[in-house]
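Look over the sequence and the model first, then read the points below.

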Amino acid sequence: MIFRWSDLAALNACLNAASGLFLVLGHRAIRTLQIGRHRRLMVAAAVTSAIFLVSYVAYHAKVGSVRFGGHGLVRPIYFAILISHTALAAAVPPLALRTLYLGLTRRDEKHRKIARWSYPIWLYVSVTGVLVYLLLYRLYPPAGVR
């Protein structure tokens with residue numbers, strides 16, 4: 001199999017989906033007081049997100065930006081998702097790292113306080129990252145990307 005830079009877009013969507021799944025499972029684990037499982041799943045979410053970030057930067061450094069091919073009502077919907085995704089994605093690394101640090105060092109009260117914010121933002125970014133991929137590359141790809 002030959003590596004193509006364009007394959008990284010699909011890999012990035014898979015990494016976002018995996019991170020989102022780890023987040024949901026980690027949240028479920030802590031709700032049932034499975035602290036060790038919660039810790040492992042949240043570390044997995046962080047590692048998956050870090051791999052995503054490296055892959056995303058490499059992809060866009062090589063490929064550049066890809067033009068959205070949709071028209072009509074889907075266009076403002078796509079850009080609303082993209083803008084909110086991008087703005088919140090910038091907040092995820094510091095929020096996630098701080099939350100993870102507080103959890104791993106068992107500063108539970110501070111961890112819970114920041115996790116109330118970081119969890120939904122991080123999950124939103126993971127889910128909307130997959131949506132952006134589907135809209136941009138699968139449902140409405142520009143000519144030449146099909």
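A residue is called buried when its relative accessible area is under 20%, exposed when the area is over 50%, and partly exposed in between, with a 1.4 Å probe and protein chains only. The model is predicted: local features need pLDDT of at least 70, side-chain atom pairs count only at pLDDT 80 or more, and totals for chains, interfaces and linings use all residues. Residues are numbered from 1 along each chain as its sequence is written, and side-chain values use heavy atoms, with hydrogens and water left out.

**Overall layout**

- The protein chain has five helices and zero strands; helices (H or I, at least four residues) and strands (E, at least two) are DSSP runs, numbered from the N terminus.
- From the N terminus on, the order of elements is α-α-α-α-α.
- Along the principal axes, the C-alpha atoms fill a box of roughly 50 × 40 × 25 Å.
- Of the 146 residues in the protein chain, 36% are buried.
- Among contacts (heavy atoms within 4.5 Å) with a separation of 6 or more, 72% join residues 24 or more positions apart.

**Helix α4**

- Helix α4 covers residues 92–104, and its 13 residues should span 18 Å at 1.5 Å a residue; the end C-alpha atoms are 17 Å apart, which agrees. The expected span is 1.5 Å times one less than the number of residues.
- The buried residues of α4 are V92, L95, A96, T99, L102 and G103.
- These residues cover an arc of only 135 degrees around the axis, so they lie on the same side of α4. The arc is taken from the directions from the helix axis to the C-beta atoms.
- Exposed residues P94 and L97 sit on the face of α4 turned away from its buried side.
- The cover over the buried residues of α4 includes α2 (35–63), α3 and α5.
- After α4 comes R106, which has a positive phi, near 55 degrees.

**Helix α3**

- The 16 residues of α3 (residues 74–89) should span 22 Å at 1.5 Å a residue, and the end C-alpha atoms are 22 Å apart, which agrees.
- V74, Y78, I81 and H85 are the buried residues of α3.
- Seen down the axis, they fall within an arc of 70 degrees, so they line one face of α3.
- I83 and A87 are exposed, on the face of α3 turned away from its buried side.
- What covers the buried residues of α3 includes α5 (108–139).

**Packing against α5**

- The axes of α4 and α5 come within 9 Å and cross at roughly 140 degrees. Axes are lines fitted to C-alpha atoms, for helices over the stretch in contact, and angles run from 0 to 180 degrees between N-to-C directions.
- That angle makes α4 oblique to α5; angles under 35 degrees count as roughly parallel, over 145 as roughly antiparallel, 65 to 115 as roughly perpendicular and the rest as oblique.
- On the α4 side, the residues making this contact include L95, T99 and L102, and on the α5 side they include I114, S118 and W122.
- The axes of α1 (residues 7–31) and α5 also come within 9 Å, crossing at roughly 150 degrees.
- That makes α1 roughly antiparallel to α5.
- Among the residues in this contact are A13, G20 and L23 of α1, and W122, S126 and Y133 of α5.
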